[in-house]
Amino acid sequence: MAPRAIICDIEGTTSSISFVHRVLFPLSLERMDAYLEANRHDPELESQLANLSERIGSGHALGGESERLQALSSQLKDYIRNDVKDTTLKWVQGKIWKQAFESGAVKGHVYPEVPEYLRRWKSAGRSIFIYSSGSVEAQQLLFRHSEAGDLTDLIDGYFDTNTGMKREIDSYRKIVAASGFAAGEMLFLSDIREELDAAAGAGL
């Protein structure tokens, strides 16, 4: 049976891994300190950093506010260097990348055939979803400001690690439940075998 809905990974599937690791990651490393300092009183950022402090332990909460912010910035930069799929990091990266995408400093990479396939699937009546470890906001920015123009009108929904980790079967069950399709009607595309195995375990 032909799938009624297609879920795409980003890194290595719709877009080059090197774009993420050689452009987006260095950008967030370079701008991390400045972003946290400039937005230190933003309630959303404060909430994200409080969650991070709780996860990594109270030792990072010692000292004054500047010392705390510096320690959290160092932790986030360590996560970037080690490609840790942390929800606070992905949220902060999304905000940093938003500034870069919207200013035109960065264009989202997609493989040359991706826009054609997205349009072909859409024309055939298939729903298209994205599931990536990057935040939903970062996903939307990449496709809205892609090298091929705005592709977001072709995409029906986005999922990130708030749904769950990509190598866990339950994450795909949650996507199925949210999509309105049966698992057997959905196709998941990824370059990572463990992710594909998890999706298959959920019946995709």
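The accessible surface of the protein chain is about 9900 Å² (Shrake-Rupley method, 1.4 Å probe). Carbon and sulfur atoms hold 48% of this surface. The model is predicted: local features need pLDDT of at least 70, side-chain atom pairs count only at pLDDT 80 or more, and totals for chains, interfaces and linings use all residues. Residues are numbered from 1 along each chain as its sequence is written, and side-chain values use heavy atoms, without hydrogens and water.

The C-alpha trace spans about 60 × 35 × 25 Å along its principal axes.

The largest nonpolar core has 41 residues. Such a core is a set of buried Ala, Val, Leu, Ile, Met, Phe, Trp, Tyr and Cys residues joined through side-chain atoms within 4.5 Å. Met-32, Leu-36, Leu-76, Val-92, Trp-97, Phe-101 and Phe-143 touch the most other members. Helix 1 (17-38) is among the elements that give two or more residues to this core. Helix 1 supplies the largest share, eight residues. A second, separate core of 15 residues includes Ala-5, Ile-7, Tyr-131 and Tyr-172.

Beyond its neighbours within four places in sequence, Met-32 is in contact (heavy atoms within 4.5 Å) with Ser-73, Leu-76, Lys-77, Ile-80, Leu-89, Val-92 and Ile-96.

Technical notes:
Buried means under 20% relative accessible area, exposed over 50%, partly exposed in between (1.4 Å probe, protein chains only). Helices (H or I, at least four residues) and strands (E, at least two) are DSSP runs, numbered from the N terminus.
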